[in-house]
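Walk through this structure with me, one stop at a time. Keep the sequence and the 3D view side by side.

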Amino acid sequence: MNVTLFEIFAISLVLLVPESLSDSLYLSHRRCSPLGTSVVTSRPDGSSDSCTCHPPPPPTTTIHPPAHKWGRRHRPPKATWKCTTILAPTMKAAPTATTNGFENSLVLVKEAKVKLRRIGVQGAPIQKGQPKLGVENGPMLIRSSGIVEFLQDVGHDILDYGNIHLGEVFNAASVGGNVSIHDPADVGEATHHIYNNTKQILEEHRFPLTFGGDHALAIGTLSAMSEYYPDLAVIYIDAHADINTVDTSPSGNMHGMPLSFVINDLYGSNSNLTDYFSWVAARIPANNVAQIALRDVDPGETAIIDKLGMASFTMRDIDRYGIRRVVDLALDRIKGKTRPLYVSMDIDSLDDMEIGSTTGTPVPGGLTLREVLTMIEDLYRSANIVGFELAEVNPALGSEVAGRRVAEISRHILSCVFGSCYGRRV
Ligand SMILES: [Mn+2]
């Protein structure tokens, strides 16, 4: 057989071209000698790997790729000393933040500088969104934890705007729907004031930090936040879905309705309350809102959530995936890692064992304090939080001891919001 020099050259080239590395797993078996030598192989993407010669694994543990994956140069290993490396060529080593092998270790945290911010604190002592008295003193209890002074000591530029004056409307009105909605005029006026105050804080280039008050306050804060940040994403941490409309609300309490006012997919569903909420513009797409810690959802709310395909994570999801994975999934669903993120947190998202019934609608089986702190720290590290609120703290419910504990819990949570989970870092 006549073979030209050119053909020999061409055949050699084919033999030298490495196998396709597009498969997720790529097994390279190379004969090597002498024993113990390191073999370095360059890969097409510029990276390289090395391995040390070793005896062939026992037959029972040998990994054999499918026959079609064997190239010309690669034959099933013979019973001889080989250099065997399992490569994952499509996965480059990610630059992981590790110190002494521990991701996010305290050593690393010590090195990390806290991002100092301009913060505007406001108390939203609204109570008419639900029937229990005392929640209007929530801002006072949260402030008593010393959180404002702490954040100041850390170095944040923090200004306390005090408690918002919520107006003086007392003519409780009933409107249509399956039940009467309680006090819509009061809630409408109060949330309008909360909206205006939040807007002012934003216009003064500060991070709105709101202490509630019942959760109806979110009608005001979310309206202002979504007006200032048109692509706002929202993480809503709550035992309840708070997305009832006039037609679905079983209780008529407006603290269970704020999301139905501000989600634009639900625009018009509370149209018979327009007299009191004409100032609200529903700007937030349902796709931009994720709910976490759900465990007490009304049937009408389930229907809304299903219809809108919302990113709603129940306690069952947290059991299954763990809180860190849930936070990651939630942020991915709402593109919360690339958008300004608002976090609305109801203290009843925590397990009732943690907060000792210091809230109007406690539900057992909720988040532990540890899960909450992990969640907030992950949100701080993965997203750009532009505003935060803590609602439904009611010092009149629960014991005095529980009240002190919930104040301390609030201080821990709010420290984490600003990157100080481990105490002061400046
Ligand atoms: Mn709530």
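This is a predicted model: local features need pLDDT of at least 70, side-chain atom pairs count only at pLDDT 80 or more; totals for chains, interfaces and linings use all residues.

In which loop is the place of His205? His205 sits in the loop between H5 and S9. His205 has a positive phi of about 55 degrees although it is not a glycine. Most residues other than glycine have a negative phi, and most peptide bonds are trans. His205 is exposed, because 9 other C-beta atoms lie within 10 Å and the cut-off for exposed is 12 or fewer.

Now turn to Asp183. Asp183 lies in the loop between strand S8 (157–163) and helix H5 (184–203). Asp183 is not a glycine, yet it has a positive phi of about 55 degrees. Is Asp183 buried or exposed? Asp183 has 26 other C-beta atoms within 10 Å, so it is buried; the cut-off for buried is 20 or more.

A peptide bond comes next. The bond from Gly212 to Gly213 is cis, with omega near 15 degrees. Gly213 belongs to the loop between strand S9 (207–212) and helix H6 (218–228).

That brings us to a helix pair. Two packed helices are described by the angle between their axes and the distance between the axes. For H5 and H6, the axes come within 7 Å and cross at roughly 35 degrees. The crossing of H5 and H6 is right-handed. On the H5 side, the contact includes Thr191, His192, Ile194 and Tyr195, along with Thr198, Lys199 and Leu202. On the H6 side, Ile219, Gly220, Thr221, Ser223, Ala224, Met225 and Tyr228 meet them. By class, the residues of this contact divide into 7 nonpolar, 6 polar and 1 charged.

Move on to Thr248. It is found in the loop between S10 and helix H7 (258–262). Thr248 is buried, since 21 other C-beta atoms lie within 10 Å. Which residues does Thr248 contact, leaving aside its neighbours within four places in sequence? They are Asp298, Gly300 and Glu301. Thr248 and Asp298 are 50 residues apart along the chain, but their C-alpha atoms are separated by 8.2 Å.

Last stop: helix H13 (residues 369–382). H13 has 14 residues, so at 1.5 Å a residue it should span 20 Å. Its end C-alpha atoms are 20 Å apart, which agrees. The buried residues of H13 are Glu371, Val372, Met375, Ile376, Glu377, Leu379 and Tyr380. An α-helix has 3.6 residues a turn, so residues three or four places apart point the same way. What do the buried residues of H13 pack against? Their partners are strand S10 (233–237), helix H11 (323–333), strand S13 (340–346), strand S14 (384–391) and helix H14 (400–417).

Take H11 from that list. The axes of H11 and H13 come within 9 Å and cross at roughly 40 degrees. That angle makes H11 oblique to H13. The crossing is right-handed. H11 contributes Ile323, Arg324, Val327 and Leu331 to the contact. H13 contributes Glu371, Thr374, Met375, Asp378, Leu379 and Ser382. By class, this contact has 5 nonpolar, 2 polar and 3 charged residues.

Now step back to the whole protein. There are 14 helices and 14 strands. Of the 426 residues, 42% are buried. Among contacts between residues at least 6 apart in sequence, 74% join residues at least 24 apart.

Methods:
Residues are numbered from 1 along each chain as its sequence is written. Helices (H or I, at least four residues) and strands (E, at least two) are DSSP runs, numbered from the N terminus. The expected span of a helix is 1.5 Å times one less than its number of residues. Two residues are in contact if their C-beta atoms, placed from the backbone, lie within 7 Å. Axes are lines fitted to C-alpha atoms, for helices over the stretch in contact, and angles run from 0 to 180 degrees between N-to-C directions. Angles under 35 degrees count as roughly parallel, over 145 as roughly antiparallel, 65 to 115 as roughly perpendicular and the rest as oblique. A crossing is left-handed if the near helix is turned anticlockwise from the far one by less than a right angle, and right-handed if clockwise. Ala, Val, Leu, Ile, Met, Phe, Trp, Tyr, Cys and Pro count as nonpolar, Asp, Glu, Lys and Arg as charged, and the others, Gly among them, as polar.
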